Amino acid sequence: MGADMLRKHVIGNWKMNGSATMLAEVLGGLRVPSYDCDVTICVPYPYLAQASTLLEGSACQLGGQNVCRYDDGAFTGEVSAKMLREFGCALVIIGHSERRLHFAEDDACVAEKFDRALADGLYPVVCVGETLAERDAGGAEEKISKQLAWLRGRIVAGCRVEQFCVAYEPVWAIGTGRTASAEQVEAMHRWIRDCLGVPVLVLYGGSVKASNAAELMAIPGVDGVLVGGASLDAEAFTGICRAASN
Ligand code: 13P
């Protein structure tokens, strides 16, 4: 990822959903090689080994939904970047709003995870997004620039734009069936690039479906999509990949 600004990226985030049976059904039903886009699926940790077997010969890559900020050692319950690499993950989602909300991850923690991921050869997908209250109060841009402050520092320190991407996921659009408007998405993607001062890839996430994917990916500045619920269904996810290929 990262090199080709024209090729869209579709990342599926299963979150804490699915089963071994469902994995076989959904991944078995994916027909990725025929699409002209980059596709990654982020399944729960226990399914990574099975997923990498199921995806053998497929162009669909594997990703992690989270990673430990530490290298290795006595961190019960955590999974390291090296382990994700060992199980074939190419990228890792960090800073997802659900991790920030339910697991108290702050920007300092997200920054440490970013460093760990890069050090171990993973491509971090850095999630940012405002709540509805923040948007309604006119503070969406300010929230996003705060979430990106550490990343700007990394870029100033020499981190290259092709080493990572950003996913704009307005919290109010996640799992709600409500997507941001084309104007809101275009403006925020531009704001993200302005904040970072580099032409970073920016994906959109929040209630992306097969029916709205083409429209979302036609918005200037949208380099792809981060998909939750619709990635649990082979037909829906395939439809999104098809939309990304047009
Ligand atoms: P939904 O597509 O289910 O709204 O989830 C978006 C998301 O959080 C992806 O990371």
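**Salt bridges and their surroundings**

Analyst: E105 and R99 are both buried, where buried means under 20% relative accessible area, exposed means over 50%, and partly exposed lies in between (1.4 Å probe, protein chains only). These two residues form a salt bridge whose closest N and O atoms are 2.8 Å apart; the term denotes a side-chain nitrogen of Lys or Arg within 4 Å of a carboxyl oxygen of Asp or Glu. The model is a predicted one, in which local features need pLDDT of at least 70, side-chain atom pairs count only at pLDDT 80 or more, and totals for chains, interfaces and linings use all residues. Residues are numbered from 1 along each chain as its sequence is written, and side-chain values use heavy atoms, with hydrogens and water left out.

A second pair is formed by R135 and E130, whose side chains meet in a salt bridge at 2.7 Å, N to O. R135 and E130 are likewise buried.

The search of the whole structure finds 18 salt bridges. Among them is the one between the side chains of E112 and R69, at 3.0 Å, N to O. This pair links distant parts of the chain, 43 residues apart: E112 belongs to helix α5 (residues 107-119), and R69 to the loop between β3 (61-64) and α3 (81-86). Helices (H or I, at least four residues) and strands (E, at least two) are DSSP runs, numbered from the N terminus. E112 is partly exposed, with a relative accessible area of 31%, and R69 is partly exposed as well, at 29%.

Of the 13 residues around the ligand, K15, H96, G175, S207 and G229 come nearest; a residue counts as near if one of its heavy atoms lies within 4 Å. A polar side-chain atom of H96 lies 2.8 Å from an oxygen atom of the ligand, and a polar backbone atom of G175 is 2.6 Å from a ligand oxygen atom. For G228, a polar backbone atom is 2.9 Å from an oxygen atom of the ligand.

Finally, G28 lies in helix α1 (residues 20-29) and is partly exposed, with a relative accessible area of 36%. G28 and A51 are 23 residues apart in sequence and 9.6 Å apart in space, C-alpha to C-alpha.

Definitions and conventions. Polar contact = N/O pair within 3.5 Å; in protein donor to acceptor, adjacent residues only side chain to side chain.
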